[in-house]
Amino acid sequence: MLELSNLAVNYGSIIALHDVSLKVEKGAIVTLIGANGAGKSTTLRTVSGLLKARHGNIRYEGEEIGNLPPHRIVERGISQVPEGRMIFANLTVRENLLMGAYLRKDRHKLSAEFDFVFEIFPRLKERSRQVAGTLSGGEQQMLAISRALMSRPRCLMLDEPSLGIAPILTKTIFEKIVEINQSLGITILLVEQNANLALEISHYGYVLETGRILLHDRSSALRANERVKSAYLGGR
Amino acid sequence: MTSTEFFQQLINGLSLGAFYALIALGYTMVYGVLRFINFAHGDVFMIGAFCGYYLSPRLLPHFTGGLTPLGPVAVLILTMLICALLGVTIEKLAYRPLRQRPKLTVLITAIGVSLFLEYGGQFVFGADPKSFPELMPDRAIAGTGALTITTTQLAAFIVTICLLVALTFIVKRTRLGMAMRALSNNPTAAALMGVNIDVVISFTFAQLSIDRSAYGSSPRDQGIRCGCSRRHRKHSGRRRWRNYSRRCGDICRWLGFFNLSRRDRILAFNRDFAFPSSRNFRTCA
């Protein structure tokens, strides 16, 4: 469904990605794990068009999307939940969700989408008139995910959904991610520092180190891999 | 102070304040969405005023009697379109290439654009003050007792209120307005939602250029001019000329006013507000 080949990205003169190739199969949860600064977020930001690759290709459903601006990429059905949530703090919860459906021309027929995200995250329904900046961290993450779902994506990319959230809520959010994948058939590309959790829910994993793919395998195999265990899983 | 005097000053203050509100609105809109102070703001006002100046003798005769409300409205709308186009062009040529640069770069560019328009204006329109053509008969409205309310005062006030209401509606209720608020909050996230940032920023510039031009071309009893001239000094004692860039400069100074020390603040206040007649010499010297 989504295929990156030999992707290289710079920030000015600093090389963030050397050579990244990865493949996300339709309907799968694929995770990208790695240490701080390995290039996980850069990879996602390049796919969603916020950064331009120096070379390499990004193909989505057989088409090259590497040169498209962000709004064209959302249009094609790829939606990103950015790192640190990036909700619109001074808009209400409802307006945030409407922003998620920004590209929908039929704004009056969005009740199905609203029902759908409120079913996954009922708490947002109670707070729909509240200003988003007053939500708790966990609720903001729920909002960020819901907002990304409002455009009815076929591929959802999540950047560090556990960042700054209470462990108990992290668990809930990861359960919801699995639910979104299974009941809606949305393909998921998950970037996560908490490698344990990420490998637990995903089907396939890539390990990124200083801008290169170090290894990739089925998630169950990665969890058993000695190198991964010692470096990322706090293994003994 | 008698109560008549009080209400008269209240009316004068409101009609002048309505103008200031429009300028301030444009400033805050750019600042709110893009986080930089657009120094060229006042110069687009100036262009708006000159559009009104050159358009009205050509347009007004086409409307019966030249003084029906339709004539001034046509001038206003055409001026708005021209200024909107100018605003979008400035954004595209001067500010857009610098979007990823530090804010200071854009700020300096804005000063450059301002100077370009000011001196370009002097070159094209000349530096002599021109008196603004009468768009509508300027007379006191009857039935207000001892108070004087002129038709131009009333018209200017109504135009301001209409624009404020329209702008509030756009920002609060429309899809594009929501995108503007989202963009000002977090440009990256807005892009990820599918907002075409270029389009929204262009729209912002068009919108506030419309405000500016409305201000520039709305009916008034004062003259317009472009930049400062020697000639202007002679007039300054007898007549008040409106210099748009300077008026915006006033607001800039107000923004910086509260950063000054107390002594400077008093001096600045005296200079700009308590003894306004001295101000003309200061900026023209």
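At what angle do helix 3 (residues 93-100) and helix 4 (residues 111-120) of chain A pack? The angle is about 120 degrees, and the axes lie 11 Å apart. Axes here are lines fitted to C-alpha atoms, for helices over the stretch in contact, and angles run from 0 to 180 degrees between N-to-C directions. Helices (H or I, at least four residues) are DSSP runs numbered from the N terminus.

The model is predicted: local features need pLDDT of at least 70, side-chain atom pairs count only at pLDDT 80 or more, and totals for chains, interfaces and linings use all residues. Residues are numbered from 1 along each chain as its sequence is written, chains are lettered from A in the order in which they are written, and side-chain values use heavy atoms, with hydrogens and water left out.

Helix 3 of chain A contributes Arg94(A), Leu97(A) and Leu98(A) to the contact (heavy atoms within 4.5 Å). Helix 4 of chain A supplies Phe114(A), Val117(A) and Phe118(A). Five of these contact residues are nonpolar, none is polar and one is charged. In this scheme Ala, Val, Leu, Ile, Met, Phe, Trp, Tyr, Cys and Pro count as nonpolar, Asp, Glu, Lys and Arg as charged, and the others, Gly among them, as polar.

Helix 6 of chain A spans residues 137-149. Twelve of the 13 residues are buried, including Met142(A), Leu143(A) and Ile145(A). Buried means under 20% relative accessible area, exposed over 50%, and partly exposed in between (1.4 Å probe, protein chains only).

Arg104(A) and Glu113(A) form one, at 2.7 Å from N to O. Glu113(A) is buried, at 5% relative accessibility.

Glu179(A) bridges to Lys176(A), with the closest N and O atoms 3.9 Å apart. The two sit three residues apart in helix 7 (residues 167-184) of chain A, so about one helical turn separates them. Glu179(A) is partly exposed at 35%, whereas Lys176(A) is buried at 18%.

In chain B, Asp198(B) pairs with Arg96(B) at 3.8 Å between the closest N and O atoms. This pair links distant parts of the chain, 102 residues apart. Asp198(B) lies in helix 8 (residues 197-217) of chain B, and Arg96(B) in the loop between helix 3 (70-95) and helix 4 (103-125) of chain B. Asp198(B) is partly exposed, at 29% relative accessibility. A network of salt bridges links Glu91(B), Arg96(B), Arg99(B) and Asp198(B).

Technical notes:
A salt bridge is a side-chain nitrogen of Lys or Arg within 4 Å of a carboxyl oxygen of Asp or Glu. The expected span of a helix is 1.5 Å times one less than its number of residues.
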